[in-house]
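I opened a new entry for this model.

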Amino acid sequence: MGRKNRIYPKDWLIYKPYTVPDQVDRYYVGLANEVMNLLENSELSGFFSGHPALMRKAGMYFAMWFEDICSGVGIWRTVNEECVKRYGVLLPFYDMSEYYEGEVNVQDTALLLWNFLQIYNEHDSVINPENPGLMETACSLAGLFDGEYETAPENVRLYEFVHNPLVSDDWWKCRELIEWLHMSSYVFIDSVDELADSAEEQIDMNCGSANI
């Protein structure tokens, strides 16, 4: 990975409900850089070629998921529960006969990787969830996270933010949580991009109207 394309704490904090990093954040920033290095040397490296910002986003995307799993935040658990309601299984596409909730599974990294690639796919096509390159990279990612699982720190600040008991009674805290979940959590990693695109379209439309 080139020296210029690295993830720093300031990048990581864009997706956090606080503004000052601590040692836990620095750990996950380091892990996000490891993810970038893995992706750069994977079968999917061509997807990210020439897109350093997209590579950084992918590194943080996977590190945030792992942070959720290790900290018990519950976002991915909610995804599992919703999949059961919709599809009757914890995750779609993959064989779930050997799947351990709350731990690192290849099925998790495969679905996350497929979702990320599908969101940022520049071609008008559907990516095969069982694409060999995707599955090989998913296995490598699962191996990386599995090696860190027993020693990775919990992000207590993030857990307390999401599970703040005042949320049910304080409208502003509830709004703050909902805004973070929809604009800054890894599940909606593309929300900020969509908002920026929408704002740009509105500006262009308004400018066009003003010139009429």
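**Entry 1: the cavity**

I looked up the largest cavity and found about 50 Å³ of space in it. The model is predicted, so I note the limits: local features need pLDDT of at least 70, side-chain atom pairs count only at pLDDT 80 or more, and totals for chains, interfaces and linings use all residues. Residues are numbered from 1 along each chain as its sequence is written, and side-chain values use heavy atoms, with hydrogens and water left out.

For the terms, I worked on a 1 Å grid over the protein atoms alone: a cavity is a set of points where a 1.4 Å probe fits but cannot get out, a pocket is an open set with protein on both sides within 12 Å along at least five of seven lines, and lining residues have an atom within 4 Å of a point. Grid points are joined across faces, edges and corners, and a volume is the space filled by probe spheres set on the points.

The count came to one cavity of 30 Å³ or more. Among the residues that line the largest cavity are Lys16, Trp180 and Tyr186. Helix α4 (residues 52–71) gives the largest share of this lining, three residues; helices here are DSSP runs of H or I with at least four residues, numbered from the N terminus.

**Entry 2: the pockets**

I found about 420 Å³ of space in the largest pocket. Its lining has 17 residues, and Val79, Cys83, Leu111, Asn115 and Val187 lie nearest its centre. α5 gives the most to this lining, with six residues.

The second largest pocket holds about 250 Å³ of space. Its lining includes Val73, Val79, His182 and Phe188. Two or more residues of that lining come from each of α5 and α9 (171–183).

**Entry 3: helix α7**

I counted ten helices and zero strands in the protein. Of its 212 residues, 42% are buried (under 20% relative accessible area; exposed means over 50%, with a 1.4 Å probe and protein chains only).

I then checked the length of α7 (residues 132–148): its 17 residues should span 24 Å at 1.5 Å a residue, and its end C-alpha atoms are 25 Å apart, which agrees. The expected span is 1.5 Å times one less than the number of residues.

Which residues of α7 are buried? They are Gly133, Leu134, Thr137, Ala138, Leu141, Ala142, Leu144, Phe145 and Glu148. Seen down the axis, the buried residues of α7 fall within an arc of 165°, so they line one face of the helix. The arc is taken from the directions from the helix axis to the C-beta atoms. On the other side of α7, Pro132 and Gly147 are exposed.
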